[in-house]
Amino acid sequence: MTASKSEPTLAATAGAELLAALLDGMDAALCAFGADGTVTHWNREAVRILGWSREEAVGRRGLAGWAVRSADADEVQKRLMAAMGVPGRTVHDMALLRKDGGRVLVRTQSARVLGADGEPAGVYCAFSEVHTHIDLERSIALSEALFDDASWGVVLVDVDLRPTVVNAYAARALSAGQSTPLGRPLGELVADGVAELEGALRHVLSEGAPRGVSEMWVTLVGAGPGGEPRRRCWRNGFMRLASPLAKEPVPLGVGWLFHDVTEAKLAEQSADLLRFRAGQLHRAGRAAAECEDPMTAATVYADFALAGFADHVLLDLVEPGDRKRLVRAAATPEGTPGPCVPVMGGGLPLRYAPGHPALQAVDRAGSVLAGAPAPASEDWPRDRQWPPGTAHALCTALRGRGRALGAVTFLRGGSRPAFDRADAVYAETMAALMASALAAGGPATG
């Protein structure tokens, strides 16, 4: 079957229309010149930048007198047409004229156009305003700086909440290489706190970034150097990433920036704790000064010490004439929380086994820390005559007038952390005040 003579014409027309559409759809301005310097193509972005319409531009010989000042025309034309004689692209910065007479500095990329015979047949030139290039270069430089070794962690997370890019800071914070976390669920990197983190990322994807930054405590997968959980505090900022090519914003993921502020938060918490405990000591001293009974004053100190410090407190005094035997003088109730009150009808020695922490505290005239072995057992507190559920204990000696008066025991449940050295210092300060109150009530026992 013989093809119609009109088919090549139709194909050529369709090809020209396609080329025109492609040229007009470009983000950069584009013009093309024939071998004699005549403008053959002029796209929509060139019209926007310079104001000269396609009809006004196409067919003109060179740019002199309309798109370039006459004084600069020879040099500009020479630069553009020089691309015909070299392979690849040549880049130049030059000043062009707008239709309204204003000048605009542009960066051009020119390359030769080869004809069907392989010989240079013209030049095409893509150009855009220099400040646009500078903005682009700044954006690229910023991205490279962020993903190189910025002082904040930067993680790009896709819509499935999996990291796609991790910078060096973030890799160190997650204790992983820059490629290890890629494509993995966040739950494989973060243990406690992952639900809160993923919730924040989902919110950003659906609603946009929240105002300001947020702080979040997380525990990383795996233990630290000493076997302790790697609990960290991160200060986070989030940005929703949307495609600039779509008419409507299409979420591409989330830019997550974070900074490890663990040390600063721990120092802040420590300072807050010291201020609170100093206030408790001050208030306890003023309240105890109003008590006529020494035992009442001692229990007032115990009540102030309990706040935010322990679940229970036990006050054991040395039996007169035998420092190896202790008598329960006051305690908090074993069931619901309550104040420390004197034990009614006391006087019977406690059946503490040798080596009991309270006895050790009296013998050492100091503090003794004790903790239930893992897994926790109800036998451990019962064997020591402590309330059920006790997991951590701090026993501190009571001494007055140079003699042993007894021991005060602070107890915590398994849901609370173990006592540390700072806790022991606070307990010893309260114990000294309690001992002073008790010693003021009568002769010291030994």
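How many bridges join strand β4 to strand β5? In this predicted model, 9 bridges join β4 (residues 103-114) to β5 (residues 120-129), and the two strands run antiparallel. Leu114 stands opposite Pro120 in β5. Two strands pair if DSSP finds at least two bridges between them.

Residues are numbered from 1 along each chain as its sequence is written. Because the model is predicted, local features need pLDDT of at least 70 and side-chain atom pairs count only at pLDDT 80 or more, while totals for chains, interfaces and linings use all residues; side-chain values use heavy atoms, with hydrogens and water left out.

The protein contains 12 helices and 16 strands. Strands β4 and β5 belong to an open sheet of 5 strands in the order β2-β1-β5-β4-β3, with antiparallel pairing. Its edges are formed by β2 (39-42) and β3 (90-97), each of which pairs on one side only. From one strand to the next, the twist averages 30°. Helix α4 (residues 70-81) packs on this sheet and touches β1 (29-34), β3, β4 and β5. The direction of α4 makes about 150° with that of β3. Axes are lines fitted to C-alpha atoms, for helices over the stretch in contact, and angles run from 0 to 180 degrees between N-to-C directions.

A helix pair was also examined. Helix α8 (residues 262-288) and helix α12 (residues 421-439) pack with their axes 11 Å apart, at an angle of about 10°. Helix α8 is therefore roughly parallel to α12, a class that covers angles under 35 degrees, against over 145 for roughly antiparallel, 65 to 115 for roughly perpendicular and oblique for the rest. On the α8 side, Arg277, Gln280, Leu281 and Ala284 meet α12 residues Ala422, Asp423, Tyr426, Thr429, Met430 and Leu433. Contact means heavy atoms within 4.5 Å. The residues of this contact divide into 6 nonpolar, 2 polar and 2 charged.

Of the contacts in the protein with a separation of 6 or more, 50% are between residues 24 or more positions apart. Buried residues (under 20% relative accessible area, 1.4 Å probe, protein chains only; exposed over 50%, partly exposed in between) make up 39% of the 446 residues. Cys233 counts as buried because its relative accessibility is 1%, whereas Cys291, at 24%, counts as partly exposed.

Methods:
Helices (H or I, at least four residues) and strands (E, at least two) are DSSP runs, numbered from the N terminus. Ala, Val, Leu, Ile, Met, Phe, Trp, Tyr, Cys and Pro count as nonpolar, Asp, Glu, Lys and Arg as charged, and the others, Gly among them, as polar.
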